[in-house]
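Please look at the sequence and structure before reading the points below.

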Amino acid sequence: MSSLNNHMETRTLLDELRSFDKGGLFDFGHPLLNRIAESFVKAAGVKNTGKESLQWGLAAGMYSGLTFGLTEARGTHDWKNSAVAGAITGMALALTTDDSSHEQMVQSAITGAAISTTAHLLSGIF
């Protein structure tokens, strides 16, 4: 056990960076643990995390900006602001997909408006 601790203490940053070249994302000190962790990452589909993060960041930023702008322009914060912001945000998200079609954009706009309006109405109840 002390040889393992000694090995961990002497690893440099360069050693850690070289371990990524071997194809592994993790180094838990045991090959079995590394393979288990990597299989979970692959099963979760983390490879597309960058694109999905961009999409959700776009959605959150657009929705927040639109609801704030509509509230300032109209002077009130109601379900109509949420519906319009949700529809525009849904349409923008449809544009970020690989196969965006007219039907998908309309469906995403309707879905975004419905989810946003429902969330706004339920926030007044709970």
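**Ser116 and the helix pair**

Apart from neighbours within four places in sequence, Ser116 has contacts with Tyr63, Ser82, Ala83 and Gly86. The model is predicted. Ser116 is part of helix 6.

**Ser116**

- Ser116 counts as buried because its relative accessibility is 8%, and the cut-off for buried is under 20%.
- The side chain of Ser116 comes to 2.7 Å from the backbone oxygen of Ser82.

**Helix 5 against helix 6**

- Helix 5 covers residues 79-95 and helix 6 covers residues 102-125.
- The two helices pack at an angle of about 145 degrees, and their axes are 6 Å apart.
- The crossing of helix 5 with helix 6 is right-handed.
- On the helix 5 side, the contact is made by Trp79, Ser82, Ala83, Gly86, Ala87, Gly90, Met91, Ala94 and Leu95.
- On the helix 6 side, the residues in the contact include Met105, Ala109, Gly112, Ser116 and His120.
- The residues of this contact are ten nonpolar, nine polar and no charged.
- In general, residues three or four places apart on an α-helix point the same way, because there are 3.6 residues a turn.

**Helix 5 itself**

- Helix 5 has 17 residues.
- From first C-alpha to last, helix 5 reaches 24 Å, close to the 24 Å expected at 1.5 Å a residue.
- The buried residues of helix 5 include Ser82, Ala83 and Gly86, which are also among the contacts of Ser116.
- Asn81, Ala85, Thr89 and Ala92 are also among the buried residues of helix 5.

How values were computed:
Residues numbered from 1 in each chain as written. Predicted model: local features only at pLDDT ≥ 70, side-chain atom pairs only at ≥ 80, totals over all residues. Heavy atoms only, no water. Axes fitted to C-alpha atoms, helices over the stretch in contact; angles between N-to-C directions. Helix = DSSP H or I, 4+ residues; strand = E, 2+ residues; numbered from the N terminus. Left-handed = near helix turned anticlockwise from the far one by under 90°. Contact = heavy atoms within 4.5 Å. Nonpolar A, V, L, I, M, F, W, Y, C, P; charged D, E, K, R; others polar. Expected span 1.5 Å × (residues − 1). Buried < 20%, exposed > 50% of the residue type's maximum accessible area, 1.4 Å probe, protein only. Polar contact = N/O pair within 3.5 Å; in protein donor to acceptor, adjacent residues only side chain to side chain.
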